[in-house]
Amino acid sequence: MDRQVRFSGFGGQGVILMGIILARAAALYDRTVGEDGKEMRKNAIQTQSYGPSARGGHSKCDVKISDQEMLYPFVEIPDGLVIMSQQAYAKYVHERKPDTKVVIDPDMVLERPKGDVYLVAATKAAESLGTRIVANVVMLGAFREITEVVSYEALERALLDSVPKATHDLNKSALTLGTKLGREALDKRGKD
């Protein structure tokens, strides 16, 4: 199992935190069972890059997950691509395979690529919880539901390890809402 994931958007959206949480979920909390019936741990590598402006500049976070040892840390062509800004769309949408699962926030990205595309209005959904600050967690929950890259339990545990305790309830609500939106995006895609 080798998965390459790219989260992209602009600074201030929590794109890098999304990657950190996913890598933590995979490496620390998610388990697979091998052919011999033994529990196996996954390996994860997370890298990040961002523009010169902390807020508003481009932001990208890549995560590689494997049940094997990895020697090369960089994502070449992602299996999963999350796009949360128009600028990120222009920069990263062409770096994908025909079967890459692309998850887009339609309120932040005006264009629609061809292929395996899922629309998740994470920013609007986060506003319904009272703050845009958890749009990244909503999107992360939707992405997990669409790709099943890690278990929900592992992702929730990694999320709660990564955010302040005072925000646990808000973040759990955001993750649950994202899961629901991911399921809806899958159902809609299945009917197209």
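The model is predicted, so local features need pLDDT of at least 70 and side-chain atom pairs count only at pLDDT 80 or more, while totals for chains, interfaces and linings use all residues. Residues are numbered from 1 along each chain as its sequence is written, and side-chain values use heavy atoms, with hydrogens and water left out.

**Exercise 1. Lysine 42**

Task: find out whether lysine 42 is buried or exposed, and which side chain makes a polar contact with its side chain.

Solution: 
- Start with the location: lysine 42 sits in the loop between β3 (39–41) and β4 (43–50). Strands here are DSSP runs of E, at least two residues, and helices are runs of H or I, at least four residues, numbered from the N terminus.
- Next, take the accessibility. Lysine 42 has a relative accessible area of 7%, so it is buried (buried is under 20%, exposed over 50%, partly exposed in between, with a 1.4 Å probe and protein chains only).
- Now look for the partner: the side chain of aspartate 30 makes a polar contact with that of lysine 42, at 2.6 Å. Such a contact is a pair of N or O atoms within 3.5 Å; within protein, one must be able to donate a hydrogen and the other to accept it, and residues adjacent in sequence count only if both atoms are side-chain atoms.
- One further polar atom pair: the backbone oxygen of valine 149 lies 3.5 Å from a polar atom of the lysine 42 side chain.

**Exercise 2. The two sides of α5**

Task: list the buried residues of helix α5 (residues 152–162), and say which residues on the other side are exposed.

Solution: 
- Ala154, Leu155, Ala158 and Leu159 are the buried residues of α5.
- They lie on the same side of α5 because they cover an arc of only 135 degrees around the axis (taken from the directions from the helix axis to the C-beta atoms).
- On the other side of α5, Glu153 and Arg157 are exposed.

**Exercise 3. Strands around β7**

Task: work out how many bridges join β7 to β6 and to β8.

Solution: 
- β6 (residues 80–83) and β7 (residues 101–104) run parallel and are joined by 4 bridges; strands pair if DSSP finds at least two bridges between them.
- β7 and β8 (residues 117–119) also run parallel, with 3 bridges.
- Finally, trace isoleucine 104: isoleucine 83 stands opposite isoleucine 104 in β7, and isoleucine 104 stands opposite leucine 119 in β8.
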